[in-house]
Structures are given as structure tokens and as C-alpha cells.
Amino acid sequence: MKRALYLSEQLQNTVLPNPMVGAVIVRDGKVLGEGLHENYGGKHAEENALIHCRINGYDPAESEMYVTLEPCSFSNAGKHNGPCTEKIIAAGIKTVVIARADPNPLVRGAGIRALRDAGIAVEWAVLEEEAARLNRIYEVLIQNKRPYIHLKAAITMDGFIAAADNSSKWISGPESRKRVMEFRRESDAVLVGRRTFEIDSPSLSVHDEDGQDLPGPQPEKIVISRNENPEQSLEEFLLTLRQRGLFRILVEGGREVFNSFLKAGYWDRLTVFQTPDLLGRGVPFCGDLGISGIDGKMVLEDRETRISGRDIEIDGYREGFRCLRV
């Protein structure tokens with residue numbers, strides 16, 4: 001299963017809105033074939049593993065398949081591939097070991113049942129936590145019907161993202177700003193509020209230390225203001241972004257934007273670069289979140305803390321690992 005997990009993440013998020021999946025076929029301890037879901041609309045990992053097995057000169061019958069996500073078991077007009085369960089059954093696979101059930105309601109549990117009904121032994125929840133973390137973005141897209149939201153902020157020790165005069169360049173150090181370029185490269189769009197855009201004039205692009213855009217795809221730039229479309233809710237706005245194929249949104253401020261996303265629960269990952277500086281007064285990271293007692297505090301799950309030059313990077317998620325039941 002570890003090999004299947006390794007395969008699945010080789011093409012990071014090139015398959016969105018589909019999940020990253022890897023599959024390995026084994027018999028008597030020998031790997032006969034392996035595959036991954038390589039691109040959106042392309043063959044699924046299970047089919048690629050079966051093809052690779054036959055290219056290697058092996059018959060997959062009576063072998064075991066290890067796959068990181070429950071094989072699909074349905075067809076519809078918008079689906080590019082037929083059911084993987086049918087291909088597994090036709091190949092004569094005797095055992096399928098699954099890391100995680102598919103959170104997609106069209107699949108969840110149905111793939112496992114289809115395989116078992118065909119007489120195939122099925123084990124699941126093997127390295128499930130690792131598989132779940134690998135497809136955080138996919139699970140948000142499926143379960144919440146909105147883009148994956150990553151909030152990023154640089155703050156002083158006393159919690160400010162800008163000084164009293166609204167100046168903020170630079171609160172964080174060069175190492176942290178380089179890390180932000182990695183976040184932007186991984187995003188489909190970078191979003192800021194109108195006020196932040198007008199005051200800071202951020203490039204919102206992937207660029208070098210001199211501000212020159214780097215080669216390769218650039219995220220879309222989104223500047224929002226509550227005054228520009230007062231009739232549209234944040235939920236509706238995020239839905240339009242998802243419909244446009246913007247699946248990964250990096251939110252970089254300012255205070256009102258952070259506050260809106262946090263208060264509404266529309267965030268999935270939060271990265272804060274805390275600097276060893278004090279301002280005393282200024283623009284706080286966020287405002288009133290409606291929390292009156294300590295028991296209501298927002299807690300980052302799956303937290304990681306690392307040194308980023310002179311700063312401390314704190315990275316975490318809104319939700320931790322949850323086992324899926326079928």
C-alpha cells in the first residue's frame with residue numbers, strides 16, 4: 001500500500017477535481033504491475049495497473065490489488081471512464097486491499113459491495129489516514145461543493161498584519177515570502193480584499209525576489225469587495241469559483257476577508273508566519289469571530305511548526321483525519 005500511496009502523489013493535483021489514486025498488483029509477493037491516475041479524463045489507476053501488468057507479460061488473475069481509494073462502480077454521461085470494479089472483476093483479481101472509501105456519495109461503499117458480490121475478498125482502511133491526507137482537496141470538493149481554501153497571513157508577535165498606517169512590507173522575512181511563492185504555485189487563484197489590493201498593490205503572482213514573474217502557469221488574481229456585489233453571499237461566490245474550475249484558492253487578506261472566511265467556516269488550511277516583532281497597535285489578523293468562551297476557540301488540526309528564517313511558520317487544518325464508514 002505504501003508503494004500505491006507513493007505512486008498516487010507523483011502528479012500532485014494534476015487530476016483535479018478527481019482524486020489522486022495509485023494501484024499496485026501483486027502475486028506471491030511479486031509486483032506484476034502498477035499504475036496511477038495520470039490526468040483528468042485519463043484512465044484510472046486500477047486500469048493502468050492492469051494494462052501495465054499485461055505489458056509486463058503477466059496475467060492478473062488470482063492476484064491482489066492494492067489501491068489507495070475505493071474503485072468506482074458507476075457510469076454517467078459526464079464520466080470519462082467505465083466502472084473500475086467491472087475491470088477488476090473481469091481480470092480475475094482475487095483480493096482488493098483499499099486504503100480509503102471514496103467520500104463521493106455515488107461511490108461510497110458501492111465499489112466495495114460490487115467487488116464482494118463478485119466473490120472478491122476486500123480489505124479496507126489500510127493506511128487510511130495517509131490516503132485521506134493525500135486527497136484533502138478532493139474531499140473538500142466532493143463533500144463541501146466549494147473550492148479548497150488556504151488562508152495565509154504574516155503577523156507580528158502581538159497579532160497584527162499591518163501597522164497603524166496600514167504599511168505591511170515587510171512583516172515576514174525573505175524565507176517566508178519564498179514559501180508563499182510555493183503556495184501560489186500550488187493554487188488556481190490568489191484572493192485578496194479590495195482595500196488590501198489598493199493599499200499594498202500586491203502582485204499576487206509567482207515571482208522572484210526582484211518581483212519578476214517566474215516561468216510557468218500563474219494563479220488567477222481575484223480582488224473582492226462586499227460593495228461590488230452586495231446581493232451575492234460568500235457561499236454563492238465560492239460556488240461560482242468552483243464552477244469556473246478554480247479548485248484551490250489561496251486567501252492572503254486583509255482583516256475583513258480573513259474574518260469573513262473564518263467566521264463562515266469557509267477555510268480548510270491556515271498558514272501563519274509569526275515574526276519576532278511588536279507593533280503595539282495596528283491592523284489585527286481578524287476581528288470578532290463570535291467566540292465568547294475559551295471552549296469555543298478554533299483549533300488547528302494536524303499542526304506543523306517550523307522555523308522559516310527569522311519567522312515561525314505555523315501550519316494546520318480546520319479538520320483532522322476522520323475514518324469513513326460504509
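Ala118 is partly exposed in this predicted model, at a relative accessible area of 41%. Ala118 sits in the loop between α4 (110–117) and β5 (121–124). Helices (H or I, at least four residues) and strands (E, at least two) are DSSP runs, numbered from the N terminus. The C-alpha atom of Ala118 is 9.5 Å from that of Thr85, although 33 residues separate the two along the chain.

Because the model is predicted, local features need pLDDT of at least 70 and side-chain atom pairs count only at pLDDT 80 or more, while totals for chains, interfaces and linings use all residues. Residues are numbered from 1 along each chain as its sequence is written, and side-chain values use heavy atoms, with hydrogens and water left out.

The protein contains ten helices and 14 strands. Its C-alpha trace spans about 70 × 40 × 35 Å along the principal axes. Of the 326 residues, 48% are buried. Contacts were also counted (heavy atoms within 4.5 Å). Among those between residues at least 6 apart in sequence, 73% join residues at least 24 apart. The accessible surface comes to about 16,200 Å², and carbon and sulfur atoms hold 48% of that area. Areas come from the Shrake-Rupley method with a 1.4 Å probe; for residues, only the protein chains shown count as cover.

The protein carries 42 positive and 48 negative charges, and their mean positions are 1 Å apart. Lys and Arg count as positive, Asp and Glu as negative; His and the chain ends are not counted. Each charge is placed at NZ of Lys, CZ of Arg, CG of Asp or CD of Glu.

Strand β14 (residues 311–317) is largely enclosed by the rest of the structure, because five of its seven residues are buried. Two strands are said to pair if DSSP finds at least two bridges between them. Strand β11 (residues 269–274) pairs with β14 in the antiparallel sense over six bridges. Here Phe273 stands opposite Glu313 of β14. Strand β13 (residues 301–308) also pairs with β14, in the antiparallel sense and over six bridges. Glu304 has Asp315 of β14 as its bridge partner.

A salt bridge is a side-chain nitrogen of Lys or Arg within 4 Å of a carboxyl oxygen of Asp or Glu. By this rule there are 21 salt bridges. Glu34 and Arg3 form one of them, at 2.7 Å from N to O. This pair links distant parts of the chain: Glu34 is in strand β2 (residues 30–36) and Arg3 in helix α1 (residues 2–8), 31 residues apart. Glu34 is partly exposed at 21% relative accessibility, and Arg3 is partly exposed at 38%.

Arg146 forms a salt bridge with Asp268, with the closest N and O atoms 2.8 Å apart. Arg146 lies in the loop between α6 (136–144) and β6 (148–155) and Asp268 in the loop between α10 (255–264) and β11, so the pair ties together parts 122 residues apart in sequence. Arg146 is buried, at a relative accessible area of 5%. Asp268 is buried at 6%.

Arg318 and Glu319 meet in a further salt bridge, at 3.8 Å from N to O. Arg318 is partly exposed at 26%, and Glu319 is partly exposed at 36%. Elsewhere, salt bridges that share partners join Arg179, Glu182, Glu304, Arg306 and Glu313 into one network.

Most residues other than glycine have a negative phi, and most peptide bonds are trans. A cis peptide bond joins Lys169 and Trp170, with omega about -5°. Trp170 lies in the loop between β7 (160–163) and α7 (174–185). Asn166 is in the loop between β7 and α7 as well. Its phi is positive, near 75°. Asn166 counts as partly exposed, at 24% relative accessibility.

A cis peptide bond also joins Gly253 and Gly254, with omega about 5°. Gly254 is placed in the loop between β10 (248–251) and α10. Leu204 has a positive phi of about 60° although it is not a glycine. This residue lies in the loop between α8 (194–200) and β9 (220–224). Leu204 is buried, at 1% relative accessibility.

Methods:
Buried < 20%, exposed > 50% of the residue type's maximum accessible area, 1.4 Å probe, protein only.
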